[in-house]
Amino acid sequence: MKKTTSVGIVLLLFFFISCFFILDVRGQQPTSSTLYVGGDGPGNYSSIQTAVNQATVGDIVFVYAGTYVENLVIEKPLCLTGENKNTTIIDGSGNKFVVILRANHITVSGFTITNSEKNFPYAGIYVNSGANTISGNILTNNYYGMQLGYSTSGNVIVNNTIFHNKQCGIYFNHASNNSLIGNIVSDHPVNGFGLYEFSNKNRIMNNTFSLNRHTGVNIRESYQNQVVGNTFIQDEIGLHKPSPEYQTVVRDNTFIDTPLSIEEERDPIVFTVVIFGILVFCAFLVFRKISL
């Protein structure tokens with residue numbers, strides 16, 4: 001447990017430092033400046049998106065407390081930081097994704113991100129890139145709290161509070177080699193965290209999953225994921241994992257008041273063979289009785 005905690009702290013420090021040393025894809029190190037949104041300082045922007053558009057690679061966009069009704073698209077490496085996660089609010093006004101990350105090496109921290117469109121596939125944060133850090137945010141009242149899209153990798157999702165979203169807290173779709181560390185994920189009607197369709201080699205470490213009314217963590221058709229040092233509290237099913245050939249690593253987890261701690265998926269081929277065998281045997285008994 002201490003080992004996994006230290007890993008999370010090291011990763012968090014590394015990616016916070018990366019706000020100040022972001023390199024672009026050509027290996028150039030840009031000079032960093034800070035752009036301010038809200039507040040009453042001279043030259044402050046009133047819109048987060050406007051500041052993001054004006055920023056250059058490696059800049060810091062600092063957002064003062066307030067409610068910003070926006071749908072953000074970030075397409076360059078930068079650090080987006082809110083003054084206080086409880087009072088710096090990005091409200092998507094029920095329209096599509098609230099925040100989209102389309103570039104690598106973006107950091108987003110210190111916000112409440114809420115009110116995406118309440119239909120599939122929309123989310124508070126949609127990640128369509130890699131090597132990003134999403135830390136210290138509140139994600140609530142979205143369809144998905146967060147979604148990692150196809151082929152995203154190297155993202156670190158750390159110390160966020162993700163609760164009361166319409167479908168799932170976090171959803172991975174073909175997203176591999178990402179880390180989910182130290183988050184609180186609660187009160188979802190389906191899964192706290194769902195990994196689907198070859199979302200492989202992800203690390204799920206030291207999180208708390210509670211009051212998710214289907215599954216705390218639901219892993220399906222995905223290889224070599226690690227579920228280590230997590231706490232599951234009053235989820236209907238703590239962890240659903242695929243059959244053994246998917247090589248899921250599960251250790252040092254705690255289950256509290258969870259009706260079913262771990263559910264392992266049956267191999268569909270084996271299940272089909274068994275059912276077929278039973279049917280054949282039943283047919284044999286019926287024909288034998290008739291022949292007698």
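This is a predicted model: local features need pLDDT of at least 70, side-chain atom pairs count only at pLDDT 80 or more; totals for chains, interfaces and linings use all residues.
Two strands count as paired if DSSP finds at least two bridges between them. Keep that rule in mind, because strand pairing shapes much of this walk.

Now step back to the whole chain. The protein chain has 292 residues, and 48% of them are buried. It holds three helices and 28 strands. Its accessible surface comes to about 13,700 Å². Carbon and sulfur atoms own 59% of that surface.

How far can the model be trusted? The pLDDT of the protein chain averages 87, and 80% of the residues score at least 70. Over residues 20-28, however, the pLDDT is below 50. That stretch still has 13 contacts beyond its near neighbours in sequence. Residues 269-276 also stay under 50. For them the model has one contact beyond four places in sequence.

Next come the sheets. Strands of a sheet pair through backbone hydrogen bonds, either parallel or antiparallel. Strands E15 and E18 belong to an open sheet of nine strands. The order is E3-E6-E9-E12-E15-E18-E21-E24-E27, with parallel pairing. Strand E3 sits at one edge and strand E27 (254-256) at the other, so to speak: each pairs on one side only. From one strand to the next, the twist averages 15°.

Another open sheet of nine strands has the order E4-E7-E10-E13-E16-E19-E22-E25-E28. Here too the pairing is parallel. Its edge strands are E4 (72-74) and E28 (260-264), and each pairs on one side only. The twist in this sheet averages 10° from one strand to the next.

Follow this sheet through E16. Strand E13 (residues 144-148) is joined to E16 by four bridges, and the two run parallel. Gln147 stands opposite Tyr171 in E16. Strands E16 and E19 also pair in the parallel sense, over four bridges. There Ile170 has Phe193 in E19 as its bridge partner. Further along the order, E22 (residues 215-219) and E25 (residues 237-241) pair in parallel over three bridges. Thr215 stands opposite Ile237 in E25.

Is E16 mostly covered or mostly open? It is mostly covered: six of its six residues are buried. Phe172 is a clear case, since its relative accessible area is 1% and buried means under 20%. Phe193 in turn is buried, with a relative accessible area of 0%.

A pair of aromatic rings is described by the distance of the centres and the angle of the planes. The model has 14 aromatic pairs. One of them joins Tyr36 and Tyr64. Their centres are 6.1 Å apart, with 25° between the planes, and the pair is stacked. Tyr36 lies in strand E1 (residues 34-37), while Tyr64 lies in the loop between strand E2 (60-63) and strand E3 (66-69). The pair therefore ties together parts that are 28 residues apart in sequence. Tyr36 is partly exposed at 34% relative accessibility. Tyr64 is partly exposed as well, at 28%.

Phe172 and Phe193 make an edge-to-face pair, because their planes stand at 80°; their ring centres are 4.8 Å apart. Phe172 lies in strand E16 (residues 168-173) and Phe193 in strand E19 (residues 191-196), so this pair ties together parts that are 21 residues apart in sequence. Ring pairs also build a cluster from Phe120, Tyr143, Tyr144, Tyr171 and Tyr196.

One last stop is a helix. Gln49 lies in helix H2 (residues 48-54). Its relative accessible area is 16%, so Gln49 counts as buried. Which residues does Gln49 contact, leaving aside its neighbours within four places in sequence? They are Glu70, Asn71, Leu72 and Val73.

Methods. Residues are numbered from 1 along each chain as its sequence is written. Side-chain values use heavy atoms; hydrogens and water are left out. pLDDT is the predictor's confidence in each residue, from 0 to 100. Contact means heavy atoms within 4.5 Å. Axes are lines fitted to C-alpha atoms, for helices over the stretch in contact, and angles run from 0 to 180 degrees between N-to-C directions. Rings of Phe, Tyr and Trp (its six-membered ring) pair if their centres lie within 6.5 Å; planes under 30 degrees apart count as stacked, over 60 as edge-to-face and the rest as tilted. Buried means under 20% relative accessible area, exposed over 50%, partly exposed in between (1.4 Å probe, protein chains only). Accessible areas come from the Shrake-Rupley method with a 1.4 Å probe; for residues, only the protein chains shown count as cover.
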